[in-house]
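Subject: Structure handover

Hello,

Here is the structure I said I would pass on. My notes on it follow below.

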Amino acid sequence: MAIQYLAANRFGLGRRWDDPAIHDPRAWLLRQLADFDPAPPPIAALEGRAAIATAYIEYREDRRAMRREAAEAAPMSEEEKGMDPELRRLARSAIRRHYVDGVAARLTTAVASPTPFAERLTHFWSNHFAVSADKIAVIGFTGNYEFEAIRPHITGKFADLLIAAVRHPAMLLYLDQAQSFGPDSPVATRIRRRQNRPGPGLNENLAREILELHTLGVRTGYTQADVTAFAKALTGLTVAGLGRGAGQRLMPAGAAPGETVFIPQLHQPGEQTILGKRYADGGAKQAEAVLRDLAVHPATAQHIATKLARHFTADDPPPAGRAAVGRFPEERRRPPLALPHPRRLARAVAGGARDVQVAVGLDGVADARAQAPRARRAAEYRRALRSARPAGVATGIARGL
Amino acid sequence: MILTRRTVLAAGLGVLAAGALPRMACAAAPTSRRLLFVIQRGAADGLAIAAPIGDPAFAAARRALADEAATGAELDGMFTLHPALTGAAGLFAAREAHVAHAVATAYRDRSHFDGQNMLEGGGTRPYGREDGWLNRLLTLLPASERDALAIAPAVPLALRGALPVGTYAPSRLPQADADLIARLSSLYAKDELLHPLWDSAIKTRELAGDIGGNNGRNGAELGALAASLMAPVDGARVMMVETGGWDTHSGQRGRLAAQLRGLDQLVGAVKTGLGVAWANTLVIVATEFGRTVAVNGTGGTDHGTGSAALLFGGALAAGGQVSADWPGLGEGALLDGRDLKPTRSLEAVIADAVAHHYGLDPARARKALYPEVLA
């Protein structure tokens with residue numbers, strides 16, 4: 001009986017008083033992935049990227065005007081130097097409204113969701129591909145980021161999720177990609193030559209964090225040379241309407257503000273070698289090819305499988321749980337595998353792969369009891385209890401069983 | 001802690017030069033020494049904090065940022081302090097500030113998380129230790145000087161370990177009224193486990209006073225909050241505060257100036273808040289690694305290696321000096337062709353500063369704080 005409550009807490013957002021009883025936790029989880037609505041009404045009602053970008057552009061224009069008027073700057077946030085506090089608050093309010101609306105829509109959706117397991121996965125992936133609202137340009141986009149880059153992909157392939165997250169304006173702005181130019185790109189070369197000064201160039205922030213945080217994970221063997229080459233491959237990706245100077249004049253006609261664009265004249269020409277593999281220069285396709293390879297790299301599988309197992313089970317997930325979440329029965333013949341596709345995760349978690357049942361939560365304990373021979377069952381049961389945290393929950397469930 | 005004749009002799013002239021010997025006399029009695037560790041999370045740019053404008057390669061590598069550096073206070077023939085660090089410049093002139101340059105921990109890669117873990121843990125590999133150097137320091141101190149507190153939502157790794165420590169995080173929520181506090185106090189009064197915890201939380205809250213209301217955002221307020229927690233007779237003696245926002249990949253000029261202005265005010269507020277106790281206070285400011293020597297393509301700097309650490313206090317061993325075994329910024333001198341090459345161990349800088357401050361035998365302090373790195 002208690003297993004049902006545990007399923008609601010461990011994999012969902014807790015039980016509402018009027019929730020129907022969960023008779024079959026495994027089916028309950030799988031059904032949610034099929035029923036998941038990426039854009040329920042509170043989210044569908046929000047304004048899109050163009051409105052968010054416009055709010056930021058207007059804010060920046062206000063700020064510039066105020067700066068011109070302000071004689072001496074009070075030492076405050078460097079970005080807002082010289083702005084009257086009241087005017088600053090007003091100027092920011094349009095941007096903040098997008099943020100606050102996004103937070104409200106996210107909360108409303110989660111509270112009302114008939115698919116809380118899918119909401120948990122959304123929150124997991126938003127956290128994995130974290131952006132920060134510390135930068136003013138990013139604030140308005142944070143809600144849109146989760147709704148348009150994360151939600152539509154949580155039941156799809158990891159590679160598509162990765163590419164959507166990396167290409168969203170929130171990520172491009174947060175990790176400085178929007179202003180990173182190929183050092184030998186046509187634009188940087190022209191500026192260098194004409195103005196006889198060092199032109200704009202590379203920023204390696206996004207490239208490093210993709211390797212360290214989003215895909216392979218730290219200490220998995222990539223080098224500084226890989227980071228630099230990947231940063232070069234990523235150049236050309238930027239956001240329409242937000243920047244100033246050279247980049248903006250090259251925006252493709254008809255690109256709406258806030259739209260992700262690839263500008264060939266900003267891209268570093270030539271082949272790049274990343275993790276020992278050579279990537280021909282195919283414009284935007286070059287970085288995409290790297291991302292697709294990173295998405296199916298074994299280190300990525302290990303990294304993300306560990307995070308998932310940790311999220312749903314314990315700070316120190318048992319090795320069996322990590323391995324099994326990263327290596328699913330149907331994938332065994334296809335190395336280098338291993339994406340924790342959410343559907344597979346759900347199946348693994350809920351009983352598709354036998355070794356996961358024990359590792360990934362007490363849901364599996366019941367299955368282990370039903371399937372395993374008596375002696376092994378007892379050992380696995382004890383192992384699962386030891387691995388499950390917090391201890392109070394584990395003990396409570398054990399009594400329930 | 002009392003230095004024995006043998007340990008002094010064993011440590012040799014270094015101890016005498018560092019001025020530890022005169023402090024021995026007062027080391028036996030409980031004193032009111034205070035230590036504050038300010039961690040700069042995000043890799044602070046040591047080359048902008050204390051700029052080597054005397055290095056012939058500096059101007060070319062730093063471009064516009066080099067012009068800015070030229071306007072800062074001169075520290076010696078080689079270095080200037082960032083122009084935003086006006087208070088620190090005054091402390092330097094008064095021999096209450098010291099810059100240790102071209103320093104790094106044993107970490108040689110470029111991940112913030114791993115780098116911070118090693119700066120705090122003080123081991124030789126990321127996640128190699130579950131305790132931190134500040135907690136290990138506590139084991140060397142007399143019981144009266146072991147009260148340790150972090151202004152943080154959870155105990156940072158540097159303070160974790162065998163000895164108990166506290167944390168305090170200012171809340172933005174409205175304060176609970178006195179009636180609620182009183183009711184909770186009576187509810188917990190007979191609870192063996194919760195009563196002491198509640199009691200110490202209430203004590204901390206009272207120490208923090210009104211300053212705690214604003215989430216410690218501004219450097220001056222954070223410094224004043226730290227000082228208010230350290231100043232009282234029964235306040236914290238070892239303290240850690242966290243600062244973020246140092247990861248200046250783009251538009252470094254304005255962003256770093258704002259950060260350093262905050263740091264400058266933080267240190268200034270600590271000095272003001274501690275009053276006479278400043279004479280027996282050591283402030284250590286350090287970051288996980290430095291930033292690239294060259295400016296990147298977006299007016300910022302990327303992850304590097306060597307950086308600078310700052311020491312402040314009323315009784316520094318070498319106040320008013322920059323210490324560095326300067327490796328140079330010429331092309332051949334850089335680490336991996338891009339970073340300031342670290343020529344000194346940050347762990348040694350910290351251990352020696354702490355040893356001087358508490359009158360400990362430096363060899364013993366090094367071994368206790370960094371058993372693997374400085375073995």
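I begin at the end of one helix: B:Gly122, which follows α8(B), has a positive phi, near 80°. Please keep in mind that this is a predicted model.

Among the buried ones are B:His112, B:Asp114, B:Asn117 and B:Glu120. The buried residues of this helix pack against α12 (205–214) of chain A. Within chain B they pack against β1 (34–40), α9 (133–138), β7 (238–243), β8 (281–287) and α14 (346–358).

Next, the nonpolar cores. The largest has 71 residues, and A:Trp125, A:Phe129 and A:Phe230 touch the most other members. Helix α9 of chain A (residues 158–167) supplies the largest share of this core, 8 residues. Domain 1 (38–72 + 82–173) and domain 2 (177–295) of chain A both contribute residues, so the core lies between them. A second, separate core is made up of 45 residues, including B:Met239, B:Val270, B:Leu274 and B:Trp278.

One glycine in chain B also came up. B:Gly219 belongs to helix α12 of chain B (residues 219–230). Its relative accessible area is 14% and the cut-off for buried is under 20%, so B:Gly219 counts as buried. Leaving aside neighbours within four places in sequence, B:Gly219 is in contact with B:Gly262, B:Gln265 and B:Leu266. B:Asp264 is 45 residues away from B:Gly219 along the chain, yet their C-alpha atoms are separated by 7.7 Å.

Regards

Notes:
Residues are numbered from 1 along each chain as its sequence is written. Chains are lettered from A and ligands numbered from 1 in the order in which they are written. This is a predicted model: local features need pLDDT of at least 70, side-chain atom pairs count only at pLDDT 80 or more; totals for chains, interfaces and linings use all residues. Side-chain values use heavy atoms; hydrogens and water are left out. A nonpolar core is a set of buried Ala, Val, Leu, Ile, Met, Phe, Trp, Tyr and Cys residues joined through side-chain atoms within 4.5 Å. Buried means under 20% relative accessible area, exposed over 50%, partly exposed in between (1.4 Å probe, protein chains only). Helices (H or I, at least four residues) and strands (E, at least two) are DSSP runs, numbered from the N terminus. Domain bounds come from an automatic or database domain assignment. Contact means heavy atoms within 4.5 Å.
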